[in-house]
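Work through the following exercises with the sequence and the structure before you, and compare each step with the solution.

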Amino acid sequence: MSFAQHLTHGYTHRSIDIDKKKTEDFIDRFFRFVFFLEVQRCTKLPDIETRLQQFKDEFTEILNSVSKDSAEADAEYFFSEFPKVYNTLEADARYMFENDPAAKNVEEIIFSYPGFFAIAVYRLAHELEKKKIPLIPRIWTEFAHSRTGIDIHPGAQIGSPFFIDHGTGIVIGETTVIGNYVRLYQGVTLGALSVAKELQHKKRHPTIKDNVVIYANATILGGETVIGDGALIGGNVWITESVAADSVVFHKGQVTVKNKFPGQEPINFII
């Protein structure tokens, strides 16, 4: 069998024919449309309703590629749930503003913070994940991942408000559960102790309770690992066991500073 025949054979066995670029473009434009209207305080309601209907029609077409029998119902569900998601995202944005001294206003967060964009796409994708709509939720969150460096699986359960600061390198696994008023900084991993395939339907990722702060490059692993309410997790720690509420966990490093003037002639490496 030639390579071209192999390709043809493969395509005939795929039940989903989705336009990945169109799916990514939809969520990008929808995000900008919704939050641009909020920032500009647009009041032309008929125009907004017309545009939202256009988005609904476009999304129904995308859903047709993965769930033909329920595409219209799934699109209706998504747009009926959107006001609730939008209110949650507003709370996220306000929480970010209240906890980031570098933020000048909420609009700056909405327009420029990668953490807000990643959270927004996750929350929208999660609504589809709850309905078990295939592929689209993962395409959306991986699109946000490629844009921001923040990897949130659409299956994760994340409370509100939620704050991701800086964000680059954050990983939040599929079965992670995060409570309310949680803050994460860059490089945090909420991952699994094992990636064995037979654990696919088990809880593999940690639970983070309310009011927890996790600083840069902390790694927290395991489905039975619970970080208690109000805990503060310092940078660079590695955690595979539960942490009690209100604990402070930190990595005690040793820093050695060489005397700038040792009193002896340093080794000369000139060749």
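**Exercise 1.** Find what share of the contacts between residues at least 6 apart in sequence joins residues at least 24 apart.

Solution. A contact means heavy atoms within 4.5 Å. Among contacts in the protein chain between residues at least 6 apart in sequence, those that join residues at least 24 apart make up 46%. The model is predicted, so local features need pLDDT of at least 70 and side-chain atom pairs count only at pLDDT 80 or more, while totals for chains, interfaces and linings use all residues. Residues are numbered from 1 along each chain as its sequence is written, and side-chain values use heavy atoms, with hydrogens and water left out.

**Exercise 2.** Determine how far apart F36 and F111 are in sequence and in space, and classify F36 as buried, partly exposed or exposed.

Solution. Begin with the sequence, where 75 residues separate F36 and F111, and then turn to space, where they are 8.4 Å apart, C-alpha to C-alpha. F36 belongs to helix α2 (residues 20–40), helices being DSSP runs of H or I with at least four residues, numbered from the N terminus. Buried means under 20% relative accessible area, exposed over 50%, and partly exposed in between, with a 1.4 Å probe and protein chains only. F36 is therefore partly exposed, because its relative accessible area is 43%.

**Exercise 3.** Locate V248 and decide whether V248 is buried or exposed.

Solution. V248 is found in strand β14 (residues 248–249), a strand being a DSSP run of E with at least two residues. V248 counts as exposed because its relative accessibility is 56%.
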